[in-house]
Structures are given as structure tokens and as C-alpha cells.
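This report is intended for a reader meeting the structure for the first time. It begins with a group of aromatic residues and then turns to the sheet, the helices and the nonpolar cores.

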Amino acid sequence: MQKVRVEVEWSSKNFAATLGGNVPGCVLVTAKTYSKLQKEVREALEFHVQGMLEDGDDVPQWLADGDYEFKWCLMDAAALLQSLEGMTTIAAIARATGINERLLSHYANGIKRPSAKQRQKILDGIHLIGRTLTHIGG
């Protein structure tokens, strides 16, 4: 099974995704929500492959057969933070990371870009929230 790299960025209040170099041609998808983007990327790739096959273009067999899975890569902090909408809040991430909530909001909206160190703090805080939730038992 091949992996198709999906690079996701936050752009003008939308998610924007492009597909990796192992997919011939160009596929660009935008959507308001991350879940909608994931659905539309699948549909766009299927449509793209169908069109290539109908045009007689050279399509790798694994792609024509649908023998692939997506590797989702959130390329910027805004896409990362926006993808968590509905699962956690900026306030919770701020508490877990020690980063000011207003600054996190600026990162989430693409107003500012975090340094590599700040991005790692965000990832570590999100992982902390996840670990904490997995330890809740009944």
C-alpha cells in the first residue's frame, strides 16, 4: 500500500491541501473544516484519477486500484490548532502549554507564526491533553 502525503495549511479562514509528489498532476482542495477537507481530498483524488484514466494518461497501478492511504501533514501551527476545533479549546491548550491564550489564538488564526520551540510546546501540550484523556477510566 502506498502513502499519499497530504500537506495541509491554514489559508484565509480555510484549510488548503495539496497532494504529494507520487500523485501525477496537481490536486488542490480547500474546505472550511478539517473533517470536510479530509472527505473532499478523498473525493478529489478519486475524481482526478478517473479523469486521468478517461484521458488515457499514465496512472500508477496502485493509484488506479485505490491501493493507498493518506498521510495527513499539518504544515503550520494554524492548521494544527484549527484541526482540533470541537475536540479541545484554545484555553485548554494554553493551560497545557503555558502559552498565553491570546498568543495561541493569533497562531490559530495565522496572524503570527510560532518559533520551532513554541510549535514543539504546542505539540507537547496537545499530547499531554491526549494522554490525560486516555487515563480517564470508568
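Tryptophan 62 and tyrosine 68 are both buried. The model in which they are found is a predicted one.

**Aromatic residues**

The rings of tyrosine 68 and phenylalanine 70 have centres 5.6 Å apart and planes at 70°, so this pair is edge-to-face. In total, the structure holds 6 aromatic pairs. Tryptophan 62 and tyrosine 68 form another of them: with ring centres 6.3 Å apart and planes at 80°, this pair is edge-to-face. The two pairs are set out below.

| Ring pair | Distance between centres | Angle between planes |
|---|---|---|
| Tryptophan 62 and tyrosine 68 | 6.3 Å | 80° |
| Tyrosine 68 and phenylalanine 70 | 5.6 Å | 70° |

Why does tyrosine 68 count as buried? Its relative accessible area is 16%, and the term applies to values under 20%. Phenylalanine 70 counts as buried at 16% relative accessibility. One aromatic cluster is formed by Trp10, Phe15, Tyr34, Trp62, Tyr68, Phe70 and Trp72.

Four strands make up an open sheet, with the order 3-2-1-4 and mixed pairing. Strand 3 (28-31) and strand 4 (68-74) are at the edges; each has a single partner strand, so one side of each has no neighbour in the sheet. From one strand to the next, the twist averages 25°.

Strand 1 (residues 2-11) and strand 2 (residues 14-19) run antiparallel and are joined by 6 bridges. Which residue of strand 2 is the bridge partner of tryptophan 10? The partner is phenylalanine 15, and both residues belong to the aromatic cluster.

Helix 1 (residues 34-54) lies across strand 1, strand 2, strand 3 and strand 4, and runs at about 140° to strand 4. Within helix 1 is glycine 51, which is partly exposed, with a relative accessible area of 23%. Between glycine 51 and valine 6 there are 45 residues of separation in sequence, and their C-alpha atoms are 20 Å apart in space.

In soluble globular proteins, nonpolar side chains tend to be buried together. The largest nonpolar core here has 24 residues, and those with the most contacts inside it are Val8, Leu19, Leu37, Val41, Leu45 and Leu63. Two or more residues come from each of strand 1, strand 2, strand 3, helix 1, helix 2 (61-64), strand 4 and helix 3. Helix 1 contributes the most, with 6 residues.

What does valine 8 contact, leaving aside its neighbours within four places in sequence? Its contacts include Phe15, Tyr34, Leu37 and Trp72, as well as Cys73, Met75 and Ala79.

Leu104 and Tyr107 are in helix 5 (residues 101-108), where His106 and Ala108 are buried along with them. The buried residues of this helix pack against strand 1, helix 3 (77-83), helix 4 (90-97) and helix 6 (116-134).

At the start of helix 5, a side-chain oxygen of asparagine 100 comes to within 2.7 Å of the backbone nitrogen of arginine 102. After helix 5 comes glycine 110, which has a positive phi near 75°.

Definitions and conventions
Residues are numbered from 1 along each chain as its sequence is written. Side-chain values use heavy atoms; hydrogens and water are left out. Rings of Phe, Tyr and Trp (its six-membered ring) pair if their centres lie within 6.5 Å; planes under 30 degrees apart count as stacked, over 60 as edge-to-face and the rest as tilted. Buried means under 20% relative accessible area, exposed over 50%, partly exposed in between (1.4 Å probe, protein chains only). Two strands pair if DSSP finds at least two bridges between them. Axes are lines fitted to C-alpha atoms, for helices over the stretch in contact, and angles run from 0 to 180 degrees between N-to-C directions. Contact means heavy atoms within 4.5 Å. A polar contact is a pair of N or O atoms within 3.5 Å; within protein, one must be able to donate a hydrogen and the other to accept it, and residues adjacent in sequence count only if both atoms are side-chain atoms. A nonpolar core is a set of buried Ala, Val, Leu, Ile, Met, Phe, Trp, Tyr and Cys residues joined through side-chain atoms within 4.5 Å.
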